[in-house]
Amino acid sequence: MNDLRDPRKTFGDALVDAAEKNQNIVALSADSSSGSGLTPFRERFPERHIEFGIMEQGIIGFSAGLATTGKIPFVVAIAPFVTARPFEMFRNDLGYMRQNVKVVGRCAGLTYSDLGATHQSLDDIAIIRTIPGVTVLNPGDPVDIVKAVHAAAAHVGPVYIKLGSPKMPVLMEEDYPFQIGKGVVMQEGSDVTIIGTGTVLSKAAAAARILKEKGFHPRLINIHTIKPLDRQLVLKAAAETGKIVTVEEGYLAGGLGSCIAELLATEHPVPMKMIGIDDLFCDTGPYEELLAQYGLQGEQIAETVETFLA
Amino acid sequence: MQKLSRDAKTELEKMAVQIRRNVLRLMKAGRTGHIGGALSVVDILTALYFKVMRVDPQNPNWTQRDRFILSAGHKCLALYATLAEKGFFNHAVLDTYGALCSRLGGHPDMHKVPGVETNTGALGHGLSIAGGMAMGLKMDGCDAKVYVIMGDGELAEGSNWEAAAAASHHKLDNLLSFVDRNHLQISGKTVDVMSYEPLDERWRAFGWGVREIDGHDMRQIFENATDIPFEKGKPSVIIANTVKAKGLSFAENKVDYHYWKATDEGLVIAERELDDIEKGIN
């Protein structure tokens, strides 16, 4: 837990590495280059770094057009401004047109804790996963981020990658086999399964540790791919542990918990607890304190799970 | 500037009549469609596909091809009619318009119709996509060009002006957009619904080379479309003054024919009018 890495820098370095291997990769910035970790990319490949200014609808259309000529655009900006704002462009120009574009929403979730609801991105997973054919990745640690970038570059089709901004602890083994659509069991267990995703995977992991110390046997799963969901892994967990808890830094409506509830309700109903943000615009304040405001710290998650199991 | 010979002009005019006949064939099959805007762009499409653009119907995904984007996707009857005439698909497909699961929907689908480059329909998308294509082609050193048709009512979508700014900023002089200025949209006159006049000055202010033409005059369409960029290092726009539902006298310049529910009688009259237009070409 001591190895903390900056997710944006991690992303930017991974993109340079991917672009060294694939000359079709281009980076598109909406006045968001340095804040998105693209400075090394811009310095290494100035001719492949394209600036659009604060043009968050047009940039998606341009990316689709570039993709028709064989480019692999990575469009990177603050999460709500490449998801909620240009939603129709995302749906039609990338989804319906099936274009090979990777949209990266950074500083997602409550990352912009001080800037308020306009900048916090809690609905991105929910809205983007409604678009047929779009892969939705929500990497849970810096290792996942690197692997997600390479996997997205190799995958043919539109991908959304959700990134946070506070430094993230390394949770995964550097050489683990990341595969789009395949969740990862991080800890075996039999009482309950805690499924975490993205920026709060570390909080879910902390909760699992606390519960283990208290004598429980929670299974911990990292779902780095929201869509396509690893149905087999979730169904197996439901069948073997009988209870499911989901943890995400986003709205409960339409998010990870919602995806899993949709699956289990029809295939294998079990008691569930969904931890995330309810139907509200969030307050502002320091990031860690804001997470606590909504019950997303490890101790709080552990407490919620313990009550759920009682 | 390249000149259009008299014979070539006559040939294009006859072709435009045939393409309008194809539009009626689609209407006969489907019974409903955006006829007004389709007929206002037929002449531009005819000139582009039969005299201006570098395309190969046998190889619709040829990387060196020029691209055409119908930003005003609802005018797709004209695009289908043109693509069929150019040989991208068999004319018989036109008769499926309006049928369940037809490849020809009320807005174009690139994955279903050979020759269609984009899935337009929602307005204000085409110019950005076209800009991305123009940018990608330039990056690869390909001399292909990108042509767009936008509606004049469509200009109220702010996303167009994002695209206009970006195309100019990135010096996409391989991009030509037509504004099909038929002066009407579903609620009435464009200047009354949401005026974007003076159009030429607005486009110029956004950094484009601008020309204004009669959008039904083959010579003007050809000679200007083959003369891009109008200004070095700038994207080009042609404001094409057109007549909504051009060719059907009973429908011309009438808002009611933005979307037509065709009757047998109306189709017979329309076909007769096209015959008369053809006889008048010399």
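Trainee: Let's start with Arg31(B). How many C-beta neighbours does Arg31(B) have inside 10 Å?

Mentor: Keep in mind that this is a predicted model. Arg31(B) has 15 C-beta neighbours inside 10 Å. The cut-off for buried is 20 or more, and exposed means 12 or fewer, so Arg31(B) counts as partly exposed.

Trainee: What is the phi of Arg31(B)?

Mentor: Positive, about 75 degrees, although Arg31(B) is not a glycine.

Trainee: And where is Arg31(B) found?

Mentor: In a loop of chain B, between α1 (6-30) and β1 (32-33).

Trainee: On to peptide bonds. What kind of peptide bond joins Glu197(B) and Pro198(B)?

Mentor: A cis one, with omega at about -10 degrees. Pro198(B) lies in the loop between α6 (190-193) and α7 (199-205) of chain B.

Trainee: What about Ile228(B) and Pro229(B), what is omega there?

Mentor: About 0 degrees, and the bond is cis. Pro229(B) sits in the loop between α8 (218-225) and β8 (236-241) of chain B.

Trainee: Staying in chain B, where is Ala8(B)?

Mentor: In helix α1 of chain B. Ala8(B) has 16 other C-beta atoms within 10 Å, so Ala8(B) is partly exposed.

Trainee: How far apart are Ala8(B) and Phe50(B)?

Mentor: In sequence, 42 residues. In space, 10.0 Å from C-alpha to C-alpha.

Trainee: Switching to the interface. How many residues of chain A are in contact with chain B?

Mentor: 20 residues of chain A, and they meet 20 residues of chain B. On the chain A side, α3 (58-68) and α5 (87-96) each supply at least two residues. α3(A) gives the most, with eight residues.

Trainee: How does that side of chain A split by class?

Mentor: Eight nonpolar, eight polar and four charged residues.

Trainee: Zooming out, how many helices and strands are in chain A?

Mentor: Twelve helices and 14 strands. The radius of gyration of chain A is 19 Å, and the globule rule gives 19 Å for 310 residues, so chain A is as compact as a globular protein of that length.

Trainee: What box do the C-alpha atoms of chain A fill?

Mentor: Roughly 60 × 40 × 35 Å along the principal axes. Of the 310 residues of chain A, 56% count as buried.

Trainee: What share of the contacts in chain A comes from residues 24 or more positions apart?

Mentor: 77%, out of the contacts with a separation of 6 or more.

Trainee: Last one: α7(A). Is α7(A) mostly covered or mostly uncovered?

Mentor: Mostly covered, since eleven of the 13 residues of α7(A) are buried. Among them are Pro142(A), Asp144(A), Lys147(A) and Ala153(A).

Trainee: And what does helix α7 of chain A reach from its first C-alpha to its last?

Mentor: 19 Å, over residues 142-154. That is close to the 18 Å expected at 1.5 Å a residue.

Technical notes:
Residues are numbered from 1 along each chain as its sequence is written. Chains are lettered from A and ligands numbered from 1 in the order in which they are written. This is a predicted model: local features need pLDDT of at least 70, side-chain atom pairs count only at pLDDT 80 or more; totals for chains, interfaces and linings use all residues. Helices (H or I, at least four residues) and strands (E, at least two) are DSSP runs, numbered from the N terminus. Two residues are in contact if their C-beta atoms, placed from the backbone, lie within 7 Å. Ala, Val, Leu, Ile, Met, Phe, Trp, Tyr, Cys and Pro count as nonpolar, Asp, Glu, Lys and Arg as charged, and the others, Gly among them, as polar. The radius of gyration is taken over C-alpha atoms; the globule rule is 2.2 Å times the number of residues to the power 0.38. The expected span of a helix is 1.5 Å times one less than its number of residues.
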